[in-house]
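Colleague: I'd like a close look at one part of this predicted model. Could you walk me through a helix and what surrounds it?

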Amino acid sequence: MSILVTGGTGKLGSEIRKLLPDAIYPTRAELDLTWLKSRIHDVIKGLSPEIVIHCGAMTGIRECDTNPALAYATNVWGSYNLANASNLSSSNTRFVYVSTACVFSGKPPGHFNENSPALPKNVYSLTKYIGEKFIESLDMNSLIIRTNFITRGKWPYPKAFVDRWANYLYVDDCAREVVRLALEKHLVGRIHLYGSEKASLYHWAKLTTPEIQPCSLKEYSGPELTQDMSLSSIIMGPIMTDHYFPRPEHVPLEWRLHGE
Ligand SMILES: NC(=O)c1ccc[n+]([C@@H]2O[C@H](COP(=O)([O-])OP(=O)(O)OC[C@H]3O[C@@H](n4cnc5c(N)ncnc54)[C@H](OP(=O)(O)O)[C@@H]3O)[C@@H](O)[C@H]2O)c1
């Protein structure tokens, strides 16, 4: 089965690469999401993938806010052109679009499900949401996975919010579930992928970074943030959060693929 994964150098894409080493991972030099539609079409036509897992995106909230045109070109048009090219390259290409919990208002008590109305708060989440809508407008086998994840490494900032919440997945667990859902070809539409534990970001940070300092959204200046990022689902229960460090190796998924 030919699987193409975008964003293969990113946090999620790198974990997917461990599970699907035989998939195609074009670099930005080989497939830039901001390229003209015809150029993206030519690349995809040449590869003709059966499944596309689209993780590539401009993800920095401040970066998107500073350069909304680039965010729009990457997250909206890039996603649309890639999905459209995939649809045209073969009659039943499956397109899996990784989206975010930040498409919602973030108003407590959170726990947004697949039918909750979206209300993006910043350019990043707005472009991710419009990307979703563009994918949904195409008549193809597509799945939108809204999720939220962190790495098992040190918290990337010196402080973490006590008044911002999430039911995160660890990125390796998220990758495993994204791959599983991508292979379930009958599953189409929108689905939320979330962890079993909801806590403040300060709590999450403490788990890997004991020296982390607490802070409040009142002290923050920058693009508006989604305060409560917790997800729920009308389709699927939470993925059990596993705080075990270091993580044991997963049963390789290629075993399942080759064994089919
Ligand atoms: N991180 C989170 O907490 C989170 C939460 C929910 C959803 N998501 C979604 O999950 C997906 C993966 O996120 P991540 O955190 O793994 O992202 P990331 O670490 O920021 O990596 C982004 C990836 O996208 C690629 N990319 C960016 N602009 C591109 C362009 N113009 N053309 C081609 N590739 C481009 C980057 O390639 P280069 O190496 O060339 O820069 C990189 O591989 C994204 O769709 C994101 O919206 C993330």
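Colleague: At roughly what angle do the axes of α1 and helix α6 cross, and within what distance do they come?

Modeller: Two packed helices are described by the angle between their axes and the distance between the axes. For α1 and α6 (residues 171–183), the axes cross at roughly 65° and come within 9 Å. The crossing is right-handed. On the α1 side, the residues that meet α6 are Lys11, Leu12, Glu15, Ile16 and Leu19. Their counterparts in α6 are Val171, Asp172, Cys174, Ala175, Arg176, Val178 and Val179. Sorted by class, that contact has eight nonpolar residues and four charged ones, with no polar residues.

α1 gives three residues to the shell around it, the largest share. The elements that contribute two or more residues there are α1 (11–19) and β3 (94–100). The shell has 24 residues, and Gly7, Thr9, Gly10, Arg28 and Ala57 come nearest to the ligand. By class, 13 are polar, seven nonpolar and four charged.

β3 takes us on to the sheet. Between β3 and β4 (residues 141–147), the parallel pairing runs over seven bridges, and Arg94 has Asn141 in β4 as its bridge partner.

Key:
Residues are numbered from 1 along each chain as its sequence is written. This is a predicted model: local features need pLDDT of at least 70, side-chain atom pairs count only at pLDDT 80 or more; totals for chains, interfaces and linings use all residues. A residue is near a molecule or strand if its C-beta atom, placed from the backbone, lies within 6 Å of it. Helices (H or I, at least four residues) and strands (E, at least two) are DSSP runs, numbered from the N terminus. Ala, Val, Leu, Ile, Met, Phe, Trp, Tyr, Cys and Pro count as nonpolar, Asp, Glu, Lys and Arg as charged, and the others, Gly among them, as polar. Axes are lines fitted to C-alpha atoms, for helices over the stretch in contact, and angles run from 0 to 180 degrees between N-to-C directions. A crossing is left-handed if the near helix is turned anticlockwise from the far one by less than a right angle, and right-handed if clockwise. Two residues are in contact if their C-beta atoms, placed from the backbone, lie within 7 Å. Two strands pair if DSSP finds at least two bridges between them.
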